[in-house]
Amino acid sequence: MSLLSVRHVSKTYALRLGWSGKTQLILALQNVSIELSPGTCLGIVGESGAGKSTLGRIVLGLEKPDRGEIWFQGKELGRLRPQELRSLRREIQVVFQDSFSAVNPRFRVKEIISEPICNYLDLTAIEAAEKTIQLLETVGLTAADADKYPHQFSGGQLQRVTIARAIALKPKLIVLDEPVSSLDMTIQAQILDLLLDLKQQFHLSYLFITHDLAAVAYLADRFAIMYKGAIVESIDSLDLSKLQHPYSQQLIAAQLPSHPRDRKSFIQPAKR
């Protein structure tokens, strides 16, 4: 059975045009369907505006689709009562692109990480503190970091903090919304290594939203290409040579080669 099943989901936004009061309908998602098995990573790749983050927000329950269904662990999220939905939320967590805006700057790290623990687990203050230290060490930080504020960390270190918060409740699924795109290349590799280790250690499933084919090829088990709100291509391997859609070819051509002589020709995506 699939852990996550997105079935024929569509989402439209109304954009107001100036002071005229007129609105323009923006189709963010068009009949999107994906399946994610337990313990695997599905990469969702596409340019800005392709609908990737909208899909992530709908999976998280932050947005409601206009049409379609979201099934998680055999339950349709749209039919759950508020109390049932709250219980299920601990099973789905998220790591955002901008780690600084994803945390409260007035909270110490120990408060940031322990917040979901205190909300969902019946632990004493001492037990919660011990679990917080364990989580910090799991993501490569130290006990001394627990009393620091967000501004005292680099972007990569603070992203480790948000990852620790995401795994605090031992979720089944983590939505990774561009988790490394704001980091430099060396730190990107370290965070991807950490995510891969945690996936194997805790049998996590990832929905990895990104525009970076190299990053998704490293972490994902399979991936889908999004273009203008639709899934235009999906493959179950990481062999980029199997990508045939013109937009997929454009993404491949946009990747920087190791040497200029290896550059690929630029291919315009087909009009839809």
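Predicted model: local features only at pLDDT ≥ 70, side-chain atom pairs only at ≥ 80, totals over all residues.
Two strands count as paired here if DSSP finds at least two bridges between them. Strand β4 (residues 67-72) and β5 meet that cut-off with two bridges, and they run antiparallel.

Buried residues account for 45% of the 272 residues. Looking at contacts between residues at least 6 apart in sequence, 66% of them join residues at least 24 apart.

The protein carries 32 positive and 28 negative charges, and the mean positions of the two sets are 7 Å apart.

Back to the strands. Strands of a sheet pair through backbone hydrogen bonds, either parallel or antiparallel. The strand β4 belongs to an open sheet of four strands, ordered β2-β1-β4-β5, with antiparallel pairing. At the edges of this sheet stand β2 (22-36) and β5 (75-76); each has a single partner strand, so one side of each is left without a neighbour in the sheet. For β5, that partner is β4, through the two bridges already mentioned. At the residue level, W71 has E76 in β5 as its bridge partner.

Parallel pairing turns up around strand β8 (residues 205-210). Strand β3 (residues 41-45) is joined to β8 by five bridges, with the two running parallel. Within this pair, C41 sits opposite Y206 of β8. Strand β7 (residues 173-177) also pairs with β8 in the parallel sense, again over five bridges. Here it is L173 that stands opposite S205 in β8.

How well is β8 covered? Taking buried to mean under 20% relative accessible area, six of the six residues of β8 are buried, so the strand is largely enclosed by the rest of the structure. The cover extends to both faces: S205, L207 and I209 are buried on one side, and Y206, F208 and T210 are buried on the other. That puts both of the β8 residues named in the pairings above, Y206 and S205, among the buried ones.

Notes
Residues numbered from 1 in each chain as written. Heavy atoms only, no water. Buried < 20%, exposed > 50% of the residue type's maximum accessible area, 1.4 Å probe, protein only. Contact = heavy atoms within 4.5 Å. Lys, Arg positive; Asp, Glu negative; His and termini not counted. Charge placed at Lys NZ, Arg CZ, Asp CG, Glu CD.
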